[in-house]
Amino acid sequence: MNFPRGKVIAIMGGSGTGKTTLLRLIGAQLKPDRGEVRVDSHPIHAMSHTQLYAMRRKMGMLFQFGALFTDLSVFDNVAFPLREHTELPESMIRDLVLMKLHAVGLRGAHALKPAELSGGMARRVALARAIALDPMLIMYDEPFTGLDPISVGIIGNLIRRLNDALGATSIVVTHDVQESMKIVDYVYFLSGGRVVAQGTPKEVVESVEPFVHQFVHGEADGPVPFHYAAPGYGEDLGIHR
Amino acid sequence: MQRTTLDLWVGIFVTAGVGALFVLALKVGNATTVNASDGYHVIAEFDNIGGLKVRAPVKSAGVVVGRVEGISLDTRTFRANVALRIDKHYPFPKDSSASILTAGLLGEQYVGMDGGGDEQNLKDGDRLKVTQSAIVLEKVIGQFLYGKAAETSAAK
Amino acid sequence: MFGTLSGGLRLVGRRTINAVWRMGAATRFMGLVLLRSGLSFRRFHLMIDELHFAGVLSLIIIIVSGLFVGLVLGLQGYETLKRYGSAEAVGTLVALALVRELGPVVAALLFASRAGSAMTAELGIMKSTEQLSAMEMMAVDPFARVISPMFWGGFLSMPLLAAIFSVMGIFGGYLITVVIIGVDAGAFWSQMQSNVDLRNDIVNGVIKTIVFGAAVTAIALFEGYDAPPTAEGVSHAVTRTVVTSALAVLALDFVLTAFMFTGV
């Protein structure tokens, strides 16, 4: 798989097909059994602790439920990576944080605690935090899950806009077909830990390949069977013929 | 919570904790008494040390002057060698005597030192010749009964 | 018959392998905590926060419990010693009991249930809400930034808390026997001072609290870090912290006492 610079790429697939695992591999939170992950053409799993942490400074990740630090305010959450990695004076940090929050439309909420935010707002704050260090690679783990349609639209819009503004690469793990088709440049389909299909959104929607067709159009039965692998129904119920 | 109040509370906590350690060391413990590492050794031989323990105090006229450092048995003479470490601020004459005494009726046993009249003082490694052993209750009772029996047989 | 026997043996085997695996994981975990503790000392306010979390917040329960333990010790000690006509020795009894045993042990048990459980819960929740992962992805090492300061905060708090506990206990004993019952104050203090030894009693007691503090904090942090990322997992981990810490403190207390006070 390739994730070229400047593009927004979606990774799709049913639940449990290894999408989140893929993100963890890219972030080197997991080690691969086989194969290699290269970020900016450096093999990331061969790196020392220090090199890895230097590389992670260039990455941003948006977790499924935001993963905001619950004991810090919105402002402090966004300021966290800046304070950890830079020696900037507090006044400059304040300006930067407010700029990032403004970009996600939540400058007015900087004094709130994460517990006071709605799901969509929390994810936007987490997004502001993920881009605090202007990363070159932004990863989104299920950014649309559990949000109302308006919030989904806002987040989708932000992903595209921020990517273009930062000139970064974005990887969006999702199974929201409608929203992602609008914003991404390229799609990979995963199933059972393998890439089964890929293409631009247009190619994907028009695809006649059974798996992609089933996924994109949300059909209950198809190459991904409705039934989990099981012995014969009659046999399981004890009806012998 | 505000940074400053938090700092204040931690300051109070640490001060109270360190203060408590000092109170324990100075008010509760006997930090000010005999510093056992600074002194001289003498060995006292006893016929019987009773229940004397290592680290028991050595007292003279009721003042703690040292501690018992070690207890061993001399297998040649079958007497007990008790090593005493005595504070260097308390020199004792060479002919001082040591005895094993008991604090109160049931209290722990300690070594009592009685100063002699010699002009020379004890030096590191000296032996105390004059000692009085611990009173062993069974022996005292035994002697008492023996004396009684002798009395009654004499009266007959 | 043979089936149940081999089943039982298999269970023992599995449990043993599991226990050894966890011991290894815990050792590795503590190694990382110690290895990455540089930041805790360079950015001191991280540790101040944790001293507040582990120490200041445990202060009330330590002070109140210490006072009551001292009151009870004074009362019970007086009632017993009075029969032998040595009521003045109550000061010695209270001080020795607190400094040698009750101070370190009871303070450690309270510390485990107050601060240890809170540490486990905090770490477990941070893990289950992916806050630790998020930190890693922000290139901030959670061991250096969160776990090590927690460890040092707990480690430093424990001896201070135990000392406060002992002092409060002795004060409680003084209050009940001297102020209320009327034991002679001079005898109370002088008996205490002549029988409590700095090296043998107080220093040994402090060594105990240091060992207990390290053990309880390490258990609490490992349980939190190792907790399954679910609500149930975190609540089980909190329970395990309290139970394991209590057992560890009592067992370590026995071992340390055997080495320290029996003259072996």
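Some ground rules. Because this is a predicted model, local features need pLDDT of at least 70, side-chain atom pairs count only at pLDDT 80 or more, and totals for chains, interfaces and linings use all residues. Residues are numbered from 1 along each chain as its sequence is written, chains are lettered from A and ligands numbered from 1 in the order in which they are written, and side-chain values use heavy atoms, with hydrogens and water left out.

Let's start with how the chains meet. Contact here means heavy atoms within 4.5 Å. Which chains do not touch? Chain A and chain B do not, and their nearest C-alpha atoms are 11 Å apart. There are 2 pairs of chains that touch, and the pair with the most contacts is B and C.

Take B and C. The size of an interface is often given as the accessible area lost when the parts come together. Buried area is that loss for two parts, summed over both, with a 1.4 Å probe. Chains B and C bury about 2300 Å², and carbon and sulfur atoms give 75% of it. On the chain B side, B:Phe13, B:Leu24 and B:Val28 supply 29% of the area buried against chain C, more than any other three residues.

Now the other pair. Together chains C and A bury about 1700 Å², with 56% of it on carbon and sulfur atoms.

How many salt bridges cross each interface? A salt bridge is a side-chain nitrogen of Lys or Arg within 4 Å of a carboxyl oxygen of Asp or Glu. Between chain C and chain A, the count is 4. One of the salt bridges in the model joins A:Glu84 and C:Arg43, at 3.0 Å from N to O. Between chain B and chain C, the count is 0.

Next, the inside. Buried means under 20% relative accessible area, exposed means over 50%, and partly exposed lies in between (1.4 Å probe, protein chains only). A nonpolar core is a set of buried Ala, Val, Leu, Ile, Met, Phe, Trp, Tyr and Cys residues, joined through side-chain atoms within 4.5 Å. The largest core has 99 residues, and A:Ile44 and A:Met139 have the most contacts inside it. Its largest share, 16 residues, comes from helix H7 (residues 142-181) of chain C. Helices are DSSP runs of H or I, at least four residues; strands are runs of E, at least two; both are numbered from the N terminus.

Look at A:Met139. Leaving out residues up to four places away in sequence, A:Met139 touches several residues, including A:Leu23, A:Ile26 and, in another chain, C:Met137. There is also a second, separate core of 48 residues, with A:Val97 and A:Phe144 among them.

Back to salt bridges. Over all chains, the structure holds 23. In chain A, A:Asp164 pairs with A:Arg160 at 3.1 Å, N to O. Both lie in helix H6 (residues 149-166), 4 residues apart, about one turn of the helix. A:Asp164 is partly exposed, because its relative accessible area is 46%.

In chain B, B:Glu45 pairs with B:Arg79, and the closest N and O atoms are 2.8 Å apart. Where do the partners sit? B:Glu45 is in strand E1 (residues 39-46) and B:Arg79 in strand E4 (residues 79-87), 34 residues apart. B:Arg79 has a relative accessible area of 22%, so it is partly exposed.

One more pair: B:Arg85 and B:Glu69, with closest N and O atoms 3.1 Å apart. B:Arg85 is in strand E4 and B:Glu69 in strand E3 (residues 63-74), so the pair ties together parts 16 residues apart in sequence. Is B:Arg85 buried or exposed? It counts as buried, because its relative accessibility is 17%. B:Glu69 is partly exposed, at 37%. Shared partners also join B:Glu45, B:Asp47, B:Arg79 and B:Arg127 into one network of salt bridges.

Last stop, two single residues. B:Phe144 is in helix H2 (residues 137-155) of chain B. B:Phe144 counts as exposed, because its relative accessibility is 53%. C:Leu35 lies in helix H1 (residues 2-35) of chain C. C:Leu35 is exposed too, with a relative accessible area of 69%.
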